[in-house]
Amino acid sequence: MDVAQTLEDVLEELVSIQKDVNKLKTASVSGQALRKRVKDANKKWLPVAGLLEAGNIVDTAPLQEVSDAWTAMVKLANGASPKKQYKALLKIIVTKTESELLHKFIKGSAIQTIGDTLRKLVQPIADPELLKYLDESIRCAETKCVRASVVLAWCAVAHMVHKKLTSLGIATLNAEFSKMKADKGLMFRTFAKDYVFSTGPDMQEAADAHLILLCRFLTYLDDTQYKHLKGALDLRNGCGHPTGYQPDPVKLQAYYADITQLVLLNPKFA
Amino acid sequence: MLDKLKADFDRIIELVNKAPAPLQETAFKMILEQWFNANTAPKPVPPPPGGPGAPAAPGGVPDAVKPFLTANAITTEILEKAFHPTGPGAQLLASSIPGNSMANKLVNLSLLLCVKQALESASFTCTLKALRELAVHYDCYDSPNFSATLKANKNYYKPREKGADLELSGPGLKKAGEIIKSIAAGE
């Protein structure tokens, strides 16, 4: 059974019932046809409720709340009952089903398939160091820890950027940072930091934002690529610090597509 | 290469002249772009193994999508404003979907997703699962009206069974072209 499709069908029918109930000029719902429609909609709902209960995608509390509201509404439909009570129950069922069940289910089922999608994107990567971070990141995504996944995937990017810049040699690196500081071009004029490294690991103290700017300065990235990588770093920073932002699986997929294309599989970083 | 361009130039101009006057500039640009694609020596391909799902180099528009771009006067520059990269691994760049209502946005999103899929696998299709996920992401998922909205715009899709994947029809491809151009124009 396609859970999302069935829930949409149930909601479509409930919204239609809601309209018809609102149109009634009487204080109670007594018409046989309308009451039958409520019971028929409930028959569609029950198997979906069973599937949602058996799965672990949606929370139990809203599911229970919606199920209780259905039980109450079916009781109302056994005879003529006040319109006011129908309206209250329909409102609960429609809003909770939509926001707490259906939307959560769609996001949750995206999580269930995100691992495959992300693995496909990183499939061509062979470096075991990178795969260590990426594998852990993907496993985080599969357990709904999207923010952790974003942060860990950035570790792979940082690893690759560090490796590339270290390969230039410390003296060249220091010189390039000085040149970038002296550059008054639009993109670099705000960079004012003095970096003097003595050893390769010193670079880990440098801000990632400055390292990727240096990658732009060294033309490993063009302006558009730099802009997108900066966006990925912003997302990483948003996820690695206490903020209210919670990226969804769609955002994670786009982030992965960017970092693989811009750095992890970019021949200029090889 | 310059010699070959000189030799082919007259034929290119001949072709451009066949297009209606207002479209001649676009036609010239597109033909020239195609000419350079066909006549530039391919750059050395980096050694990493490119599996079936591997993202392609930027700018690698699949051949199957090129007739759609030509028919709708969409240049690579325009396409790059809506998708990045413009080949396998393509992602929608828009931070919001054009449209003046949820239903309108949902339909536009479905058309863009079909183009995204075509950039990925050369078929202008999209699954309802992917559409729902993206619609939730872009805040244009109106669940009680999801099916009704798609049904009301069925001319954009090839005939299908309920719950089956969407595939763009002729009008759907045309509309998708218009949306891509409106995104590129920043509308």
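**Exercise 1.** Determine how the end-to-end reach of helix H2 of chain A relates to the expected value, and locate its kink.

*Solution.* In this predicted model, helix H2 of chain A covers residues 32-54, which amounts to 23 residues. From the first C-alpha to the last, H2(A) reaches 34 Å. At 1.5 Å a residue, 33 Å is expected, and the reach is close to that value. As for the kink, H2(A) bends by about 25 degrees at A:Trp45. This position lies shortly before the proline A:Pro47.

**Exercise 2.** Identify the buried residues of H2(A) and the elements against which they pack.

*Solution.* The buried residues of H2(A) are A:Arg35, A:Val38, A:Ala41, A:Trp45, A:Val48, A:Ala49 and A:Leu52.

**Exercise 3.** Classify the packing of H3(A) and H4(A), then that of H9(A) and H10(A).

*Solution.* Two packed helices are described by the angle between their axes and the distance between the axes.

Step 1. H3(A) and H4(A) pack at about 150 degrees, and their axes are 9 Å apart. Because angles over 145 degrees count as roughly antiparallel, H3(A) is roughly antiparallel to H4(A). Their crossing is left-handed.

Step 2. Helix H9 (residues 223-239) and helix H10 (residues 249-264) of chain A pack at about 130 degrees, with 10 Å between their axes. H9(A) and H10(A) are therefore oblique to each other. The crossing is again left-handed.

Step 3. The residues of H9(A) that meet H10(A) are A:Gln225, A:His228, A:Leu229, A:Ala232 and A:Leu235. Their counterparts in H10(A) are A:Tyr255, A:Asp258, A:Ile259, A:Leu262 and A:Val263.

**Exercise 4.** Describe the make-up of chain B and its contact with chain A.

*Solution.* Chain B contains eight helices and four strands, in the order α-α-α-α-β-β-α-β-α-α-β-α from the N terminus. Of its 187 residues, 33% are buried. Among contacts in chain B between residues at least 6 apart in sequence, 62% join residues at least 24 apart.

At the interface, 23 residues of chain B are in contact with 28 residues of chain A. Helix H6 (128-137) and helix H7 (146-152) of chain B are the elements that give two or more residues to this side. H6(B) supplies the largest share, five residues.

Conventions
Residues numbered from 1 in each chain as written. Chains lettered and ligands numbered in written order. Predicted model: local features only at pLDDT ≥ 70, side-chain atom pairs only at ≥ 80, totals over all residues. Expected span 1.5 Å × (residues − 1). Bend = angle between axes of the 7 residues up to and from the residue. Buried ≥ 20, exposed ≤ 12 C-beta atoms within 10 Å, placed from the backbone. Contact = placed C-beta atoms within 7 Å. Axes fitted to C-alpha atoms, helices over the stretch in contact; angles between N-to-C directions. Parallel < 35°, antiparallel > 145°, perpendicular 65-115°, else oblique. Left-handed = near helix turned anticlockwise from the far one by under 90°.
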